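Here is a short report on one structure.

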Amino acid sequence: MCHLCELYGDANAGEGIWYLNPKNYARQMYRRRPPGYVPSGAESGPEAGIGLGGLRTVGIMEQGLDAWLQYQKGIIERARRGGGSQVVPIKDAEKIMDISSPIGLIACICRKVDRGVDERAPEEYTCMGMGVGMLKWERWPERYKGGVHLVNPDEAKEWLWKCDRLGYVHALMTFGAPYIGGFCQCEYPACSAIRGRLDFGAGLLKGHYVAKVDYDKCTGCGVCAQRCQFGALKFEVTVDKANIDPFQCFGCGLCETACPTGAIELKWRASIPALREVW
Amino acid sequence: MESQHTSAKRGLVIAMVYGRLPTVGIKFPQIEIDHEKCTVPFWCKKCIQVCPGNLFSVNQQNEERGKENDPRLPGTYKLTPVRRDKCSVCELCLEVCPVNAIKITYLDQTYTGVEKEKIDLAAVAQKEPYPLFVAPRPYSFEMADEVVSLLEGEYGYEKVTSQFAEAIANKSKAEIEAIGKKFWEDYGRDWIKRAHQVGEEYPDRTYEVLLEAADRSGGFGRFPHVPQRVIEFAYLSCMGVETLPVIENNQYRLIYKMPDCPTYKAIGEKAGAEVANLFLCSRGCLTAAETLLRDLNMDALVEMEGTMPKEGFCQFAIRRG
């Protein structure tokens with residue numbers, strides 16, 4: 001079983017999967033403040049420093065292997081406790097839409113900070129904020145440039161499929177584990193979470209599934225090969241089929257949704273003996 | 001909780017399979033940005049978009065609440081070469097930078113790109129239109145101070161428990177049960193109706209955004225958040241707590257918890273543990289939730305999932321019918 005499910009799952013809700021446990025999406029709307037309270041610190045601009053975390057990481061990489069391993073131990077431990085994000089395939093993503101409220105479509109902060117994408121139209125949004133914090137987005141117009149489009153679960157599912165078709169990986173975000181407050185649709189390298197994992201071994205956890213190719217059904221068309229963000233899937237010339245490295249696979253399911261012959265299937269990670277503990 | 005052994009084993013396996021091995025122990029290229037020249041990076045964006053290593057970040061500076069920074073004005077954003085480990089000195093950024101603000105140093109060699117015609121980027125930027133976000137009106141997302149002062153004065157737990165202790169003084173057990181049931185049901189009903197009324201009289205921006213969103217998306221969000229707001233107001237104002245722990249809030253359920261309830265404890269102090277253990281005050285909280293849902297025309301069932309005498313906290317679950 002996934003260690004996050006052990007920590008934050010509920011056997012009676014969401015089949016024990018931690019991100020299908022509705023409790024992990026719950027939060028109060030208000031706080032009793034002293035009269036005349038003025039917000040400060042993180043509350044007045046929590047995302048002001050986003051993207052700058054890498055500065056420290058790069059400095060430690062330059063210091064050498066010992067310093068780096070020490071640092072990496074810390075980030076792995078944080079990820080193990082859920083202080084980061086996890087890849088979720090679209091079939092589970094749809095279930096999440098039913099247990100979170102409210103749901104806001106927003107511009108992606110990583111794409112803004114790292115790639116200068118200035119999204120102003122809701123149809124260009126690639127990020128999702130969940131939970132009551134979304135009702136207070138006007139506190140940070142910098143973050144939610146162009147606004148927040150609050151939608152219902154059906155609209156959210158439709159939007160998820162649109163992002164899936166575009167080729168964005170679905171990954172949920174915790175804000176103080178186990179509280180899940182965001183759902184990214186993104187790609188390497190603009191996504192801080194995906195690049196953090198691939199380049200620094202930090203943060204983003206693999207999903208609960210692993211993609212597997214059915215060689216009888218695979219026609220070798222190569223459509224899936226454009227979709228993998230993790231370097232796990234390639235078109236293998238030798239066998240004239242798609243090949244997925246299960247150890248590199250994050251279980252995002254983008255190859256599965258693109259396959260025209262239904263040759264790719266997502267297998268439950270825990271059902272594959274040597275991948276059970278590979279997150 | 002898992003054993004030490006499993007935990008250690010897992011840590012190791014995770015380290016082994018964690019992505020690629022980063023390059024460590026070598027000096028990466030040093031990248032310097034001349035901020036005198038690079039004045040409007042979020043308007044220009046050229047280097048950010050062209051870099052194959054995606055190593056630049058552009059962050060807003062001096063944020064003002066409720067106002068978007070104008071990317072055309074100097075000093076509103078700052079360019080930082082964050083991920084230097086991804087710099088191969090391909091010089092693409094040097095080529096595109098219109099003001100030659102980037103300098104790369106690698107192994108004692110400096111790279112600056114070719115001299116370009118001098119331009120004032122900020123002056124060019126300011127000629128372009130840019131629709132800035134400005135908050136619709138002065139707003140607060142917090143519960144209004146008036147909500148607390150009005151509700152606490154009328155329904156605060158200290159006052160109500162004293163009234164209760166007075167009402168049941170020198171009464172028999174059977175009388176106490178009958179009087180107490182009515183007392184707390186009346187209290188719960190009046191308390192929540194007043195909280196609902198005060199909440200409508202003092203709307204905050206959180207509530208306005210919620211209602212606007214619900215109108216746009218077929219009513220989604222009204223349940224659980226409209227009752228959640230009133231319930232939070234009622235408890236925050238009258239039970240002396242900073243937050244009301246919300247266990248679940250989605251379109252199917254609203255579950256909240258009152259840990260270490262001060263009302264229950266005050267009854268114990270003022271009327272004795274025996275009276276507190278009759279747990280008549282639970283009628284108050286249950287009636288409050290039921291009344292509120294009825295007033296909001298929401299079809300839902302209210303249940304208690306935890307009680308102060310037994311579990312040490314009260315937990316209420318509202319399930320949509």
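In chain B, 37% of the 321 residues count as buried. The model is predicted. Chain B holds 14 helices and nine strands. Its radius of gyration is 31 Å, well over the 20 Å that the globule rule gives for 321 residues, so chain B is more spread out than a compact globule. The C-alpha trace of chain B spans about 95 × 60 × 35 Å along its principal axes. Contacts reach across the sequence: of those in chain B between residues at least 6 apart, 67% join residues at least 24 apart.

**A helix pair in chain B**

Helix 10 of chain B covers residues 222-238, and helix 13 of chain B covers residues 282-295. The two pack at an angle of about 145°. Their axes lie 11 Å apart. The crossing of helix 10 and helix 13 of chain B is right-handed. The table gives the residues that meet.

| Helix of chain B | Residue range | Residues in the contact |
|---|---|---|
| Helix 10 | residues 222-238 | P227(B), V230(B), I231(B), A234(B) |
| Helix 13 | residues 282-295 | A288(B), A289(B), L292(B), L293(B) |

**A sheet in chain A**

Chain A has an open sheet of six strands. Their order is 1-5-6-3-2-4, and the pairing is antiparallel. Which strands form the edges? They are strand 1 (85-87) and strand 4 (149-151) of chain A, and each pairs on one side only. Direction ignored, neighbouring strands of this sheet are turned by 25° against each other on average.

Within chain A, S85(A) stands opposite M173(A) of strand 5.

**A loop residue in chain A**

Where does Q248(A) sit? Q248(A) lies in the loop between strand 9 (241-244) and helix 8 (254-258) of chain A. With 18 other C-beta atoms within 10 Å, Q248(A) is partly exposed.

Setting aside residues up to four places away in sequence, Q248(A) touches F230(A), G231(A) and A232(A). Q248(A) and G231(A) are 17 residues apart in sequence. In space, their C-alpha atoms are 6.9 Å apart.

Methods: Residues are numbered from 1 along each chain as its sequence is written. Chains are lettered from A and ligands numbered from 1 in the order in which they are written. This is a predicted model: local features need pLDDT of at least 70, side-chain atom pairs count only at pLDDT 80 or more; totals for chains, interfaces and linings use all residues. Axes are lines fitted to C-alpha atoms, for helices over the stretch in contact, and angles run from 0 to 180 degrees between N-to-C directions. Helices (H or I, at least four residues) and strands (E, at least two) are DSSP runs, numbered from the N terminus. A crossing is left-handed if the near helix is turned anticlockwise from the far one by less than a right angle, and right-handed if clockwise. Two residues are in contact if their C-beta atoms, placed from the backbone, lie within 7 Å. Two strands pair if DSSP finds at least two bridges between them. The radius of gyration is taken over C-alpha atoms; the globule rule is 2.2 Å times the number of residues to the power 0.38. A residue is buried if 20 or more other C-beta atoms lie within 10 Å of its own, exposed if 12 or fewer, and partly exposed in between; C-beta atoms are placed from the backbone.
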